[in-house]
Amino acid sequence: MPQHDPVVHTFQGGLNEALFRDSIADDEVSSCANFIPNSDNSTGSGGILKREGITRVSSVQTEAWTSISQGKNATYGTTSTAIRNSAGTSLQAITSSTDPDWATMLNNDIMVDGVNAPQTSTNGTTFAALGGTPPTFKYIEAHANFLFGAGHSDGLLRWADVGTVATWTATNALTITNQQNDAITGLKKFRDVLICFTNNNFFHVNGTTTTDMSITYKKYGIGCTSHRSIVVVGDEIFWWSNLGLVRSNGFDATYICLPSQGSSGSLRGIPITLANLNKARYTLVHGCWNEQQERVEFYVCNGAAQTTVNLAIYYYYKTDTFWLASGLGAQMGASGCVLNSGVPDVYVGSAGTSDSYIFKQDKSTILDDTTTITATIATGSDNAGGFTAVKRPKRLTTTILGAAAASTVTYSTITKDRDGTNVTTNFTLSPTAGITTHNRSYLNRTYYSLRHQISEAMATGTRPVIMQISNEGFVMDTR
């Protein structure tokens, strides 16, 4: 019996749904939920571990959170009837707010939502209508000493006089588009331009005086569905489109959820996840930059009939890898990056209308508030040689860095037998605390193909780090 070369799974390639399970790379996974790459140098980095939990920041509300924003004067959130501080205290009553936008200019933290008059605060505790009687903008952004607004009229961009926030001269206007069904959907300062997004396209706008504002670049065919999904990370900008996540340098743009569209033309992608989303709710997608994890996060409605956000898609842009999160920590109506004593934390606000809080993502907790997080991951298939050979495992080795306290991990094999039957075999692993443990399992059966699965649902302690799985064995026969 010739020995089969060991197959080693290291997980670092992330989720790949673009290829069949028996075709993805050994470092990629065929499914995942609530596992993320381990980036903690104290554990030697490498491998995967369960995602961060969440802890409460605000008081309880009976309305979904619709925005989170760090302004100059305070950190704010909104629910449907109020502008609030991050502790949940109401600062200003508003009407039917569903997806506000925020900007800061000249000490003014400004909120618009397309329904209420634009609101401004210069002290973080009180709000009043923005001066100059501006339109009821949906979108607002500060750029080059100008305050811009849009969404009040489908394709029209407006701006205040240079260096002001309360002088809205009627001639300060530019028609971005007059195409039917191509309304403006968001504004974002990026590098040295203002990017104006529409349903189907995006445009650069620039100028140095009140009267010389113009479109300086046009990119047709790639639009934006939600202004709250636009995330700037250094020299790159990300947003959600009708075809999923877009990655751009401001000029070129790529649909990175789709296969053959990753960095260097890879076949990596998440088309199955994308196909299962409720596209009618793409206007609810929101995203933020997680500096501690060096990932962009997008919160979406998973399921054709799902009407509230219930899935988070984590994109680690430096390694071009996708990971998925579910459970309470993904059921969020708003998200934002907030500096606390110089530490960039991610705040998320509940999408539900009861027991609704702002939470902080917190790697010191293993729970979503008080709810256990179950993390699962499955590899691609280890084949004995298609359907011309079968294989008997010699040794299955799961390498785990044990948590500081005792931990338990479930390791499963899913084998396809000669008759095509799938058989699942479970092993309970208890890695030694604080030590990298090689957990050996033995499977007394032959197979055509084998997949590995890890599940971790600890409710106390700290997270073990799953470093790799190795499959050694013998080819039994070839027909």
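Predicted model: local features only at pLDDT ≥ 70, side-chain atom pairs only at ≥ 80, totals over all residues.

Analyst: One aromatic cluster is formed by Phe238, Trp289, Tyr315, Tyr317 and Phe322. Across the whole structure, a search finds 19 aromatic pairs. One of these pairs joins Phe203 and Tyr220, whose rings are edge-to-face, with 6.1 Å from centre to centre and 85° between the planes. The angle is over 60 degrees, so the pair counts as edge-to-face. Phe203 belongs to strand β21 (residues 201–206) and Tyr220 to strand β22 (residues 214–220), so this contact ties together parts that are 17 residues apart in sequence. The two partners may also be described by their accessibility. Phe203 counts as buried, at 3% relative accessibility, whereas Tyr220 is partly exposed, with a relative accessible area of 48%.

A further pair is that of Trp240 and Phe298, with ring centres 6.1 Å apart and planes at 40°, so the arrangement is tilted. This pair links distant parts of the chain, since Trp240 lies in strand β24 (residues 236–241) and Phe298 in strand β28 (residues 295–300), 58 residues apart. Trp240 and Phe298 are both buried.

An aromatic ring also takes part in a contact with a charged group. The charged end of Arg295 sits over the ring of Tyr314, at 3.8 Å from the centre of that ring.

Note on methods:
Residues numbered from 1 in each chain as written. Heavy atoms only, no water. Phe/Tyr/Trp six-rings, centres within 6.5 Å; stacked < 30°, edge-to-face > 60°. Helix = DSSP H or I, 4+ residues; strand = E, 2+ residues; numbered from the N terminus. Buried < 20%, exposed > 50% of the residue type's maximum accessible area, 1.4 Å probe, protein only. Lys NZ or Arg CZ within 6 Å of the ring centre and 35° of its normal.
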